[in-house]
Structures are given as C-alpha cells and as structure tokens.
Amino acid sequence: RANSLVYHPLNNNNSLHSVINEPTYNDSSPAPTMAAAVPACDFTDVVAPGLCVQRWVFHIVLNVFEFGKNVRNGEPIDATGNFIFKFLYLRCPNMTDAILSTCSVMTVADAEISAQITLQ
C-alpha cells in the first residue's frame, strides 16, 4: 500500500526519514490505475516460472544516531531494525496482454512483508 513502509529500529534514537522512489498511487484509485503504477510482472523468473514476479525497489533514508560515534573516521554505526510494508491484492485476468482495464481489487486482508535487517 502507498506510504505503508514502517521502520522499527532496535535503537530507539533512529528513525525513518523518508522513502524515495516508492511506486506512487492513491489506494483509492481505480484498480487499473494501481496496476499500471506498480512494477511489471516478470513471468520468466527462474524461481517462479510462469507466475507474476515483481521487483519492488525502495530507497530508504534513515535518521541514525549513536552517541559518541564519528562516522567520518569510518567508525561503524548500527541501523538494525525491522522493516515492514503492506500491499493489497489485485486480480487481473491476463497480465501478459498488458490490458489492465479488467483488473479489480480483491477483498482480502492486506498482505504484510517484514524483515529484520542489520545495517552497519
């Protein structure tokens, strides 16, 4: 979902500053508009051949504060945290023909992807 990215840092002094280049659309937009705004399906992916595989790229800017650390001298900092984002499901009868006018939003709960990532 648009603007759903959340960062839960292990160090409470750290925070999410911004997300750049997240696919932008309004969650209340018509389904075909949302389908056109998200990354295209790759049906040739070796992990899931024949299925729609999308690559989402998020450029995340964090506010990181570690008392007493000087990053200019190469001293490592820790931005470890849990990154969470949600997405909704769209049903499109045939994604291979690039005709998105028949897409519809599925009435199921949002899916959530979460990963704890160590950044140093």
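A residue counts as buried when its relative accessible area is under 20%. Phe83, at 11% relative accessibility, therefore counts as buried. The structure is a predicted model. This briefing covers an aromatic pair, a loop aspartate and a disulfide.

**Aromatic pair**
- A search of the whole structure finds one aromatic pair.
- Tyr7 and Phe83 form this pair, which is stacked, with 4.8 Å from centre to centre and 25 degrees between the planes.
- The pair links distant parts of the chain, as Tyr7 belongs to strand β1 (residues 6–9) and Phe83 to strand β4 (residues 81–87), 76 residues apart.
- Tyr7 has a relative accessibility of 8% and so counts as buried.

**Asp45**
- Asp45 is located in the loop between α1 (31–37) and β3 (59–63).
- With a relative accessible area of 9%, Asp45 is buried.
- The Asp45 side chain reaches the backbone nitrogen of Val47 at 2.9 Å.
- When residues up to four places away in sequence are not counted, Asp45 touches Val53 and Arg55.

**Disulfide**
- One disulfide is found in a search of the whole structure.
- Cys92 is joined to Cys103 by a disulfide with an S to S distance of 1.9 Å.
- Cys92 and Cys103 both lie in the loop between β5 (90–91) and β6 (104–105), so the pair ties together parts that are eleven residues apart in sequence.
- The disulfide is right-handed because the torsion about the S-S bond of Cys92 and Cys103 is about 115 degrees.
- Cys92 is buried, with a relative accessible area of 16%, and Cys103 counts as buried at 7% relative accessibility.

Key
Residues numbered from 1 in each chain as written. Predicted model: local features only at pLDDT ≥ 70, side-chain atom pairs only at ≥ 80, totals over all residues. Heavy atoms only, no water. Phe/Tyr/Trp six-rings, centres within 6.5 Å; stacked < 30°, edge-to-face > 60°. Helix = DSSP H or I, 4+ residues; strand = E, 2+ residues; numbered from the N terminus. Buried < 20%, exposed > 50% of the residue type's maximum accessible area, 1.4 Å probe, protein only. Polar contact = N/O pair within 3.5 Å; in protein donor to acceptor, adjacent residues only side chain to side chain. Contact = heavy atoms within 4.5 Å. Disulfide = S-S within 2.5 Å.
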